[in-house]
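Here are my notes on the side-chain pairings and a few backbone details. Have a look at the model, then work through the points below.

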Amino acid sequence: MSFNPSKKPVLAVIGVGPGIGEAVSRHFAAKGFVVALIARTEAKLQKIQKGINEDHGANASRYYPTDVREESEVIATFAAIKSELGSVHVLVYNAGSRRLRPRTIIETPSEEFESFTRINLFGAFFAAKCVLPDMLAAGEGTIIFTGATGSVRGSPGLGGFSPGKFGLRALSQIITREFQSKGIHAAHIIVDGPVQSDIIGGFVKNRWEKAGEKEKTAEMDRYLMQPKDLAGIYWYLYTQPRSTWTQEIDVRAERENMFSKL
């Protein structure tokens, strides 16, 4: 059964939650896309789908609960998306997992390292393999990966996070070198700093409030990246003309120090 009777272009967002995933989904839906919302938690997906569809039409989005650590689930999800919405035109891989409080390599359980790396990297590999054949057949397609400061700098306490993000950056570069000449635009966004959200942004805001740093909480957009503004960056990458494709871009809030690669 088709849930995309108007044959709108299809965006698949992996890692949909309050923050970047929802903001990107909303931005593309407002521009005429039908959005496949993908994450592990069904209740969260239901809430976000309800909000998008209320604002942009009954068929603006459809959700697909998926554990991206498992390739079989990713394959099944993209088969369902193709059947119900059509081939994916744009893939945004926004899934990511890390600890808020750092752990040294010695303290990091091997099971946690594997789980985080499967979310931060393996899922992107699985998803790219699902969408690339149809994109290549169409001669066009866009894949955007959400990176982090940890994609370019290994910091103490992030042994469970950065290795997967380093690999995600490499995957983006490899897809570009293998398929850009065939019409595939792959881009990696280094999100260099905290984003206003229920998790990271909320954690940082609580820390500021406890420290009495009122100027920061009064002007959040100077210190925390805003999801709706980041969504515009994803759209910018998607709409770039073929003569000027960006492979990697870094973004940060005004008062955030620029990352160091060393």
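1. Glu254 comes out as exposed, at 54% relative accessibility; the cut-offs are under 20% relative accessible area for buried, over 50% for exposed and partly exposed in between, with a 1.4 Å probe and protein chains only.

2. Some ground rules before going on. This is a predicted model, with local features needing pLDDT of at least 70 and side-chain atom pairs counting only at pLDDT 80 or more, while totals for chains, interfaces and linings use all residues. Numbering runs from 1 along each chain as its sequence is written, and side-chain values use heavy atoms, with hydrogens and water left out.

3. How many salt bridges does the rule give? The count is 16. One of them joins Glu84 and Arg62, at 2.7 Å from N to O. Glu84 sits in helix α3 (residues 71–84) and Arg62 in strand β3 (residues 61–65), so this pair ties together parts that are 22 residues apart in sequence. Helices (H or I, at least four residues) and strands (E, at least two) are DSSP runs here, numbered from the N terminus. Glu84 is buried, at 18% relative accessible area, whereas Arg62 is partly exposed at 26%.

4. Besides the bridge to Glu84, Arg62 lies over the face of Phe3, 3.6 Å from the ring centre. For a charge to sit over a ring, NZ of Lys or CZ of Arg must be within 6 Å of the ring centre and within 35 degrees of the ring normal. Leaving aside neighbours within four places in sequence, Arg62 is in contact (heavy atoms within 4.5 Å) with Phe3, Val35, Ala36, Leu37, Gln49 and Glu84. Ile75 is 13 residues from Arg62 in sequence, and their C-alpha atoms are 17 Å apart. Elsewhere, the charged end of Arg98 sits over the ring of Phe161, 5.4 Å from its centre.

5. Another bridge to check is Lys82 with Asp134, at 3.1 Å from N to O. Why does this pair span the sequence? Lys82 belongs to helix α3 and Asp134 to helix α4 (residues 110–138), so the bridge ties together parts 52 residues apart. Lys82 is partly exposed at 45%, and Asp134 is partly exposed at 24%.

6. On α4 itself: the helix has 29 residues and reaches 41 Å from its first C-alpha to its last, close to the 42 Å expected. That expected span is 1.5 Å times one less than the number of residues. There is a bend of about 45° at Arg118, taken as the angle between axes fitted to the seven residues ending there and the seven starting there. Just after the helix, Gly139 takes a positive phi of about 75°.

7. Now the aromatics. The structure holds nine aromatic pairs, meaning rings of Phe, Tyr and Trp (its six-membered ring) with centres within 6.5 Å; planes under 30 degrees apart are stacked, over 60 edge-to-face and the rest tilted. Phe28 and Trp235 pair edge-to-face, at 4.8 Å between centres and 75° between planes. The pair links helix α1 (residues 20–30) to helix α9 (residues 227–238), 207 residues apart. Phe33 and Trp235 are edge-to-face as well, at 6.0 Å and 85°. Phe33 is buried at 2%, and Trp235 is buried at 18%. Phe28, Phe33, Trp235 and Tyr238 make up one aromatic cluster.

8. Last, Thr142 in strand β5 (residues 141–148). Is this residue buried or exposed? Thr142 counts as buried, at 6% relative accessibility. Beyond neighbours within four places in sequence, Thr142 is in contact with His89, Val90, Leu91, Met135, His185 and Tyr238.

Definitions and conventions. Salt bridge = Lys/Arg side-chain N within 4 Å of Asp/Glu carboxyl O.
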